[in-house]
Amino acid sequence: ILDKANRPGFLYFTTDWCGPCKGLEKDTFADSEFKHYLEAHFIPFLVNAEKNTGPVLNDLYHIAAYPTVVILSPQGVVVDKITGYDKPEPYLNRLKDVINGIDTLAQLRSDYESDHDNETKAVALANRYLSSFDYANAKPILEKLLTLRQI
């Protein structure tokens, strides 16, 4: 679907019991400017993390907190993750940064892969993973940082 439409996917992970999710839906996702931008630039998907294919997708994308949005490239590669509640304007600004390739998880990952021994790049990527509670991907980077520091 994403490749055919040539637009990124916006996978919104939520649960029935998530209070911040309800606030995000009520305040941010319902905002007309936000909604217009989202629909013009992304293909949105709602994923209930506890129903149907939700648990499988939850594991696949290392979702550990709600709400979390996973932005996928048209080819299905994770471009960014946004975790937590935010008001319409800052959230919209974040989506604009994603579209423009500014400070995305994909960009941080690419920077790190080009220079594994650069502590600044490693810390930036590890922090991004940690901010989305993605400990599985943060762990090897943090372990490498500890190895670099034991010189």
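Buried means under 20% relative accessible area, exposed over 50%, and partly exposed in between (1.4 Å probe, protein chains only).

This is a predicted model, in which local features need pLDDT of at least 70 and side-chain atom pairs count only at pLDDT 80 or more, while totals for chains, interfaces and linings use all residues. Residues are numbered from 1 along each chain as its sequence is written, and side-chain values use heavy atoms, with hydrogens and water left out.

Keep Tyr91 selected and show its contacts (heavy atoms within 4.5 Å). Not counting residues up to four places away in sequence, Tyr91 touches Phe10, Leu24, Thr28, Phe29, Phe34, Val69, Ile82, Gly84 and Asp86.

Next, select residues 88-99, helix H5. Helices (H or I, at least four residues) and strands (E, at least two) are DSSP runs, numbered from the N terminus. H5 has twelve residues and reaches 16 Å from its first C-alpha to its last, close to the 16 Å expected at 1.5 Å a residue; the expected span is 1.5 Å times one less than the number of residues. Its buried residues are Pro88, Tyr91, Leu92, Arg94, Leu95 and Val98. Look down the axis of H5: these buried residues fall within an arc of 155°, so they line one face of the helix. The arc is that of the directions from the helix axis to the C-beta atoms. The buried residues of H5 pack against S1, H2, helix H3 (32-41), S3, S4 and H7. Just after H5, select glycine 101, which takes a positive phi of about 70°.

Now show the open sheet of four strands, in the order S2-S1-S3-S4 with mixed pairing. Two strands pair if DSSP finds at least two bridges between them. Strand S2 (43-48) and strand S4 (78-83) are the edge strands, each pairing on one side only. From one strand to the next, the twist averages 20°. Select S1 (residues 9-14) and S3 (residues 68-72), which pair in the antiparallel sense over five bridges. Tyrosine 12 has valine 69 in S3 as its bridge partner.

Last, select aspartate 134, in the loop between helix H7 (119-131) and helix H8 (135-149). Aspartate 134 is buried, with a relative accessible area of 3%. Aspartate 134 touches His62, Lys81 and Tyr129, not counting residues up to four places away in sequence.

Note on methods. Axes fitted to C-alpha atoms, helices over the stretch in contact; angles between N-to-C directions.
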